[in-house]
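Here's a quick tour for anyone opening this structure for the first time. Have a look at the sequence and the model, then read on.

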Amino acid sequence: MGYLGSERTTRRAVAEAKRRWRAEHGRRTRPWITEPGLWMQWDYGDGPEVGGRRTVLFCGWLAWSRFRVVVPLWDRTTASVVMALDRAFRRFGGAPTYALTDNERTVSVDHVAGIAVRNPQIVSVARHYGLSIATCVPADPQSKGGAEATVRIAKADLVPTEHNLRAAYATFGELQRACDGFCDRVNAREQRITRRAPVVMLAEERERLHKLPGLPHTVCFGQTRRVSWQSTISVGGAIYSVPFSLVDERVWARVDGSELVIVHADGPDGPREVARHQLTTPGRPSIRDEHYPPRPAGALERKPRARSADEQAFLAIGPGAERWLIAAAAAGTTKLRRKLTEAVALAKLHGAEALDETLTVAADAGRFGDGDLAAILAHQGARVIAFPARASEQASLQRSTRSWEGFGA
């Protein structure tokens, strides 16, 4: 209740500040009409939980075409923001002239006489992409409305609630795919103001966007590492795993609090976070099973595979044959191939179903000697007494009375 109460209080305070701003400036303010390739906005929203950890939704909005991009992040650090900006620019197909956002520490480190002092790292990023970073006026309802609307509809669609009935996300990759699908849907719909789909307008706006550099800005991503053939990297003498698809690729690793964040920046869609580990020490590697493909069967999980016609005929008897073969081989049974041939012959005489049951019993009992299968099969047959379903006219189930013929004579 404390968190919900503070959130409601914050919303009321923001609404009141916007109301006062409109009362003071609304009559003198012209509508904001932008030009192609001039402005973009970005903002953040609270994302869903993945593995018990909260995520962040980076929401970018290209003002003229109204094209939206949503990128999930683990945090709002400078490196994560730079990664999301690059991915947004790659989706736009270029960089605009100006990028507008809030006065966060990743963008503005101070205010002097009402002028925002930019973070040197974000200035370096802006110079790399050829744009200017601007921050909005506090409580200005018209300066960042597009990004705020993107946050609102993205949260309504992507964050699981009782209303949208969306299931929880099992992995961060699943959330990324959901965000991509969301962007494809909203950008293909006709926009209420322009009466055109944003993806159609983006094709025109790309002619006015700045060309992107070949490589993303990576100064904030940390140290470079080459992924070994074992799909691991070494940082500070400790071993960390990365997805196996990045073997022999270059990745970037940085320490964020008590975690190591690994980013791959050379993909076609720009930089993306590929792994995150708790910091460890040399001799105690941090290996994630999900970073590797399914492992082949180990020494204790091997399954029989037929390599000849006789082996194929034996294994075709049923699952009991496979079970018997594994147990017999483990017990060091001699003349195993001959016994497989005898089992196939018994299956032809008594049926595969009866012999499959016999093989299962023999495997459980450890009976792998000569003649054991035939003895077990005979014992099982002796327990079954066949009675005719109906007595014929020539035969009767009554005992004969012939022995009483001379009684009393």
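At what angle do helix 2 and helix 3 pack, and how far apart are their axes? Helix 2 (residues 78–92) and helix 3 (residues 120–129) pack at about 20°, and their axes are 11 Å apart. Keep in mind that this is a predicted model.

- As for handedness, helix 2 and helix 3 make a right-handed crossing.
- On the helix 2 side, the contact is made by Thr78, Val82, Leu85, Asp86 and Phe89; helix 3 brings in Gln121, Ile122, Val125 and Tyr129.
- Sort the residues of this contact by type and you get six nonpolar, two polar and one charged.
- Here's a handy bit of background: an α-helix has 3.6 residues a turn, so residues three or four places apart point the same way.

**A closer look at helix 2**
- Helix 2 has 15 residues, which should span 21 Å at 1.5 Å a residue, and this agrees with its end C-alpha atoms being 21 Å apart.
- Helix 2 is mostly covered, with 13 of its 15 residues buried.

**The chain as a whole**
- Count up the secondary structure of the protein chain and you find 11 helices and 13 strands.
- The protein chain has 409 residues, and 39% of them are buried.
- Take the contacts in the protein chain with a separation of 6 or more: 59% of them are between residues 24 or more positions apart.

**Two loop residues with a positive phi**
- Most residues other than glycine have a negative phi.
- Alanine 113 isn't a glycine, yet it has a positive phi of about 55°.
- You'll find alanine 113 in the loop between strand 5 (108–112) and strand 6 (115–118).
- Serine 231 isn't a glycine either, and its phi is positive too, at about 60°.
- Look for serine 231 in the loop between strand 8 (223–226) and strand 9 (232–235).
- Which of these is buried or exposed? Alanine 113 is exposed, with a relative accessible area of 78%, whereas serine 231 is buried, with a relative accessible area of 1%.

Note on methods. Residues are numbered from 1 along each chain as its sequence is written. This is a predicted model: local features need pLDDT of at least 70, side-chain atom pairs count only at pLDDT 80 or more; totals for chains, interfaces and linings use all residues. Side-chain values use heavy atoms; hydrogens and water are left out. Axes are lines fitted to C-alpha atoms, for helices over the stretch in contact, and angles run from 0 to 180 degrees between N-to-C directions. Helices (H or I, at least four residues) and strands (E, at least two) are DSSP runs, numbered from the N terminus. A crossing is left-handed if the near helix is turned anticlockwise from the far one by less than a right angle, and right-handed if clockwise. Contact means heavy atoms within 4.5 Å. Ala, Val, Leu, Ile, Met, Phe, Trp, Tyr, Cys and Pro count as nonpolar, Asp, Glu, Lys and Arg as charged, and the others, Gly among them, as polar. The expected span of a helix is 1.5 Å times one less than its number of residues. Buried means under 20% relative accessible area, exposed over 50%, partly exposed in between (1.4 Å probe, protein chains only).
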